[in-house]
Amino acid sequence: MKIAVIVKKEFLSSKAYTTHRQKVTYHDEDLFLSKSDQAAISLAVSLKQDGQVDLFSFEKGIVGERVLREGLSYGADTATLFTGIDPDDPMNSGQIAQVLAKQLKGQGYDLVLTGANCESANFAARLANSLSYNFYDQVSYFDANKSFESQLDRGSLTGTATLPAILTITEEAKNPKLPSFLALEAAQKVEINKIDIKPSNQEVSEIIADKRKGKKLIWNLDDEPDAVEKLVEALKQDGILK
């Protein structure tokens with residue numbers, strides 16, 4: 001089986017980013033491969049048999065190389081890093097899906113996996129549409145017989161997947177074994193393929209920290225008999241109640 005895995009970083013540490021004057025700054029030294037991507041790679045390696053597992057990442061600079069080498073240490077065969085596009089800019093999601101679809105199209109991939117997060121469903125769905133692949137979201141179980149289980153907001157969905165397919169993988173799908181020292185050492189020696197992307201002409205969006213503070217309202221039932229009504233009205237204004 002030939003499998004592609006798209007790997008990303010995860011904010012494992014509270015020090016991974018800081019805010020100053022509504023600007024968010026990421027600290028490269030605290031950004032590592034996401035746990036759901038670890039599960040996706042481990043699942044891919046267990047399924048490949050005589051095939052191969054190829055890693056792809058759009059992360060920037062040292063972070064891109066770090067997550068790819070981490071993935072290689074879990075048993076992946078090749079790694080490709082796309083440069084020239086900012087994966088943290090949500091406006092680039094469509095362009096990234098197009099670039100990846102162009103790279104994967106016609107390469108005979110049976111499965112394309114990526115770790116599940118708050119943005120993966122939108123990206124994976126775009127990619128599935130471009131490649132005309134079937135799409136399965138929030139997959140917590142998948143085996144060699146293509147049996148799967150997807151986690152829904154209420155309950156789960158089980159069935160048999162139709163390949164080729166794109167899956168977003170949750171942490172529960174596979175418990176990865178920690179790579180050995182020899183595997184980690186070997187991963188450092190693998191050559192990472194690099195593909196530069198010409199930047200689009202669209203404006204760059206900016207990620208800012210919302211530092212707005214809500215009003216503090218206190219009502220005393222002894223002094224204000226309508227305090228409950230006032231509280232309900234305030235919650236409706238904040239969108240908490242309808």
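Predicted model: local features only at pLDDT ≥ 70, side-chain atom pairs only at ≥ 80, totals over all residues.

**Nonpolar cores**
- The largest nonpolar core is made of 34 residues, and Val5, Leu55, Leu113, Phe142, Leu167 and Ile169 have the most contacts inside it.
- Elements that each supply two or more residues to this core include strand 1 (2-6), strand 6 (52-57), strand 8 (111-115) and strand 12 (165-169).
- Helix 1 gives the most to this core, with 6 residues.
- Leu167 touches Leu111, Val112, Leu113, Thr114, Tyr136, Val139 and Phe142, leaving aside residues up to four places away in sequence.
- Another core, of 22 residues, lies apart from the largest one; Leu100, Tyr109, Ala128 and Ile197 are among its members.

**Helix 3**
- Helix 3 covers residues 93-104 and reaches 16 Å from its first C-alpha to its last, close to the 16 Å expected.
- This helix is mostly covered, with 9 of its 12 residues buried; among them are Ile96, Val99, Leu100 and Leu104.
- Its buried residues pack against strand 1, strand 6, strand 7, strand 8 and helix 4 (120-131).
- Just after helix 3, Gly106 takes a positive phi of about 80°.

- Val228, Val232 and Leu241 make a nonpolar surface patch of about 210 Å².
- Val232 sits in helix 6 (residues 227-237).
- With a relative accessible area of 31%, Val232 is partly exposed.

Methods: Residues numbered from 1 in each chain as written. Heavy atoms only, no water. Core = buried A, V, L, I, M, F, W, Y, C linked by side-chain atoms within 4.5 Å. Buried < 20%, exposed > 50% of the residue type's maximum accessible area, 1.4 Å probe, protein only. Helix = DSSP H or I, 4+ residues; strand = E, 2+ residues; numbered from the N terminus. Contact = heavy atoms within 4.5 Å. Patch = residues over 30% accessible without salt bridge, like charges linked within 9 Å, V, L, I, M, F, W, Y side chains within 5 Å. Areas by Shrake-Rupley, 256 points an atom, 1.4 Å probe, with all protein chains shown as cover. Salt bridge = Lys/Arg side-chain N within 4 Å of Asp/Glu carboxyl O. Expected span 1.5 Å × (residues − 1).
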